[in-house]
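Subject: Structure handover

Hello,

Please find the structure we talked about just below. My notes on what was found in it follow.

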Amino acid sequence: MEYQALYRKYRPQTFADVVGQDHVTKTLAREIADSKVAHAYLFAGPRGTGKTTTARILAKSLNCVNRLPTGEPCNECDSCKAIVVGSSFDVTELDAASHNSVDDIRDIKVSVTTVASVGGAKRVFILDEAHMLSKAAGNALLKTLEEPPEHVHFVLATTEPYKLLDTIRSRSQRFDFHPVALDQLVDHLAGIAELEGYTASREALALVARHARGSVRDSLSLLEQVAALGEGTVDAAGVNRALGLADRDVYLGLSNAMAGNDPRIALELVSGLAAEGVDLRRFVAEAIGFFRGVFLAHYAPDLDEVADEADDILDDWKSVAELLPPAQVIRAIDVLSEGLIRLREGREERLMTELTLLKLTRPEVASDVASVATRITALEQRVSAIARQSKEAPSSATPPAGQPHKAESAQPETKQPTEVVPDPPQKPADAPSPAREVDQSPAAESVTPSPGTVTLDALQQIWPALVARVREELGSRRQALFREATPGRVEGTTVFLEVPSHLTFHLEQLTADPQVGVAVAARAGELLHADVSVQFEAAGTPQRDPEPEIFDKDQLVEADTTPDDPVSLVADILGGEVIDES
């Protein structure tokens, strides 16, 4: 017998066999059992989720002479067998991509008028990729679709239902097919692997299902490919090799490199991936998905209900969430997204990937606000750690009663803060460590003007740190408005922040919301060591004019009231000479 692909060999033949679409199959089976079948159906959903298969099962059930009470076809009668092999005269399948003209629709209208091959049978027209119909062809189908003969039923299948005419959608009973859940798809693949005699691990099947993104057909095609590559063995390494994917440990290693600010590890990761033939563009895309999961782990206590992933993947997300703060995770998603855009533009893949990971592991090489915020967060954490160590040092240095005091053991503990965070004016003699580079970044330098004085230069120097501090306090909506403001001028202890003149909505919202000004003023006061107030104004607002000078009336000189001679005035201005021609 000729070999068949797995997705054809194991195509469902009953409603119960369709994977993950119970909301569709149970409804259709009930309608058939109750003889309440609609004249037209619209099946919409992603590829490989069972739209055409369900349409064929519907046609079989409508024409089955031994139909079960539940609405399922028997798959034993001549009609069912003919529909399975595609030789039935009562079921017509058309591809709208190649039959999208008015003439093709005219042929369908002629076929609709013919009777079924057997008395009492139903004629079913299955139109795949229905969104490919031209506008004229769709309009030509409307009348037939709305009022077909009683023995005729239409099934329109499409992946893009929004491209269909509204008049067609309104004449059809719509069913939406959803991507199959990960657990259901893994169970389905495990059953087929057992029938085929494959040696498959559940981890490998989960990788296959995750890459298929809910498509049963894609998952079976990939399973077949990996099994052929591994000679009947389906494991995680084989799936990664077939797809050009990186192992799970790579993303954990990247997270550790980010936590330790170690670019060497990140660059070694890229080198190893390139040597293994991993698709670097796909690696960056998968890394975005990984850090999205870490982001969810920070803010979703019931992570297993939010994300449809295996337990080991969820554990990886949770472990990295304990390692990296939320700000660093969000920045990683932004940096990786920018890198993916450059990779899709066709730039040199390895170089772009290396630069992207370098920005992740060394925030000081980037000057954006998110990078500055990451450096400030790291600095605050280091200062807190040093403060805790300094509080614990005296108690640890004091020996219990009756034991000699060990000065040499307590001395390194008391000197450690001096080595980690040197005084700003001093420059260490040895090569600076990554931690020192973070401490010496411009954003980490504190501006300490004398109390009560505020200058525009001081405000501009602390501006990146101010923006980073108020980000979470303001919230996403207020932050989106506030980030359009920039330092404008300072009058006494009042700070005027300018908003571009064309952003009138932003200025109105910032002015009307007192919480923004209060939060910004509080944080700015902490950084400037002064009590300040904040006001927002449009860019280009003229400063207040000085008071007009008041003159003494005794100093005024009375103007000459003698009228000017117009002839003499014109002669003086034009440099001419008056000639009397009388």
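Leu 267 lies in helix 13 (residues 263-275); helices here are DSSP runs of H or I with at least four residues, strands are runs of E with at least two, and both are numbered from the N terminus. Leu 267 is partly exposed, because its relative accessible area is 36%; buried means under 20%, exposed over 50% and partly exposed in between, with a 1.4 Å probe and protein chains only. Between Leu 267 and Leu 357 there are 7.3 Å from C-alpha to C-alpha, although the two are 90 residues apart in sequence.

Some points on how to read the values. This is a predicted model, in which local features need pLDDT of at least 70 and side-chain atom pairs count only at pLDDT 80 or more, while totals for chains, interfaces and linings use all residues. Residues are numbered from 1 along each chain as its sequence is written, and side-chain values use heavy atoms, with hydrogens and water left out.

The protein as a whole

The protein has 25 helices and 10 strands. Its length is 582 residues, and 41% of them count as buried. Of the contacts with a separation of 6 or more, 73% are between residues 24 or more positions apart; a contact means heavy atoms within 4.5 Å.

An open sheet is formed by 5 strands in the order 2-3-4-1-5, with parallel pairing; two strands pair if DSSP finds at least two bridges between them. At the edges are strand 2 (91-95) and strand 5 (173-176), each of which pairs on one side only.

Helix 5 (residues 102-112) lies across strand 2, strand 3 and strand 4, and runs at about 165° to strand 3.

Strand 4 (residues 152-158) pairs with strand 1 (residues 40-44) in the parallel sense over 5 bridges. Ala 40 has Phe 154 as its bridge partner in strand 4, and Phe 43 has Ala 157. Strand 3 is also joined to strand 4 by 5 bridges, again running parallel; there, Val 124 is bridged to His 153.

How enclosed is strand 4? Buried residues make up 7 of the 7 in strand 4, so it is largely enclosed by the rest of the structure. Both of its faces are covered: one side holds Val 152, Phe 154, Leu 156 and Thr 158, the other His 153, Val 155 and Ala 157, all buried.

Aromatic rings

There are 10 aromatic pairs, where rings of Phe, Tyr and Trp (its six-membered ring) pair if their centres lie within 6.5 Å, and planes under 30 degrees apart count as stacked, over 60 as edge-to-face and the rest as tilted. Tyr 41 and Phe 43 form a tilted pair, because their ring centres are 6.2 Å apart and their planes at 45°. Tyr 41 and Phe 43 are both buried. Phe 290 and Phe 291 make an edge-to-face pair, at 5.5 Å centre to centre and 85° between the planes; both are buried.

Helix 9

In helix 9 (residues 202-212), the buried residues are Ala 204, Leu 205, Ala 206, Leu 207, Val 208, Ala 209 and Ala 212. Their cover includes helix 8 (182-196), strand 6 (199-200), helix 10 (216-229), strand 7 (233-234) and helix 11 (236-243). Arg 213 follows helix 9 and has a positive phi, near 55°.

Around Thr 494

Thr 494 is in strand 9 (residues 494-499). Thr 494 counts as buried because its relative accessible area is 16%. Leaving aside neighbours within four places in sequence, Thr 494 is in contact with Arg 489, Ser 533 and Gln 535. The side chains of Thr 494 and Ser 533 are joined by a polar contact of 3.2 Å; such a contact is a pair of N or O atoms within 3.5 Å, and within protein one must be able to donate a hydrogen and the other to accept it, while residues adjacent in sequence count only if both atoms are side-chain atoms. Arg 489 lies over the face of Phe 496, 4.0 Å from the ring centre; a charge sits over a ring if NZ of Lys or CZ of Arg is within 6 Å of the ring centre and within 35 degrees of the ring normal.

Regards

Terms used: Axes are lines fitted to C-alpha atoms, for helices over the stretch in contact, and angles run from 0 to 180 degrees between N-to-C directions.
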